[in-house]
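Let's take a friendly walk through this model together. Keep the viewer open as you read.

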Amino acid sequence: MIKNIVGLFVGQDSKKRQMGMIAWSIAIGLYMLGYIDNEQFNAVMIIISAWVGVAFSAKLTKIGNALKK
């Protein structure tokens, strides 16, 4: 069940990486407009960076497995 829930947000699909980029943009916009403070911004950016990093890692793993075959 946890794998299915995580799969909705992180994976090899380019849409999931695009969602991360949009989340980055929204977080930066909220910070620039003053809706979130510096501590919240740093916490959100760490979470989003991990999310996008895992999505890119999954894609690279998929490409690596395809090259092995």
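Where is the place of tyrosine 35? Tyrosine 35 sits in the loop between helix 2 (14-32) and helix 3 (38-68). Because exposed means over 50% relative accessible area, tyrosine 35, with a relative accessible area of 62%, counts as exposed. Tyrosine 35 also belongs to a nonpolar patch on the surface, formed with Ile22, Ile26, Leu30 and Leu33. Together these residues have about 560 Å² of accessible area.

Before going further, a word on confidence: this is a predicted model. The mean pLDDT of the protein is 79, and 75% of its residues reach 70 or more. Among the elements, helix 2 has the highest mean pLDDT, 85, whereas helix 1 (residues 2-7) has the lowest, 60.

The largest nonpolar core is made of 8 residues: Ala23, Ala27, Ile36, Phe41, Met45, Ile48, Trp51 and Val52. Helix 2 and helix 3 each supply at least two residues of this core, and helix 3 gives the most, with 5 residues. Leaving aside its neighbours within four places in sequence, alanine 27 is in contact with Ile36, Phe41, Val44, Met45 and Ile48.

Finally, move to isoleucine 47, which lies in helix 3. Is isoleucine 47 buried or exposed? Isoleucine 47 counts as exposed because its relative accessibility is 59%.

Definitions and conventions:
Residues are numbered from 1 along each chain as its sequence is written. This is a predicted model: local features need pLDDT of at least 70, side-chain atom pairs count only at pLDDT 80 or more; totals for chains, interfaces and linings use all residues. Side-chain values use heavy atoms; hydrogens and water are left out. Patches are made of residues with over 30% relative accessible area and no salt bridge: like charges are joined within 9 Å, nonpolar side chains (Val, Leu, Ile, Met, Phe, Trp, Tyr) within 5 Å. Accessible areas come from the Shrake-Rupley method with a 1.4 Å probe; for residues, only the protein chains shown count as cover. A salt bridge is a side-chain nitrogen of Lys or Arg within 4 Å of a carboxyl oxygen of Asp or Glu. Helices (H or I, at least four residues) and strands (E, at least two) are DSSP runs, numbered from the N terminus. Buried means under 20% relative accessible area, exposed over 50%, partly exposed in between (1.4 Å probe, protein chains only). A nonpolar core is a set of buried Ala, Val, Leu, Ile, Met, Phe, Trp, Tyr and Cys residues joined through side-chain atoms within 4.5 Å. Contact means heavy atoms within 4.5 Å. pLDDT is the predictor's confidence in each residue, from 0 to 100.
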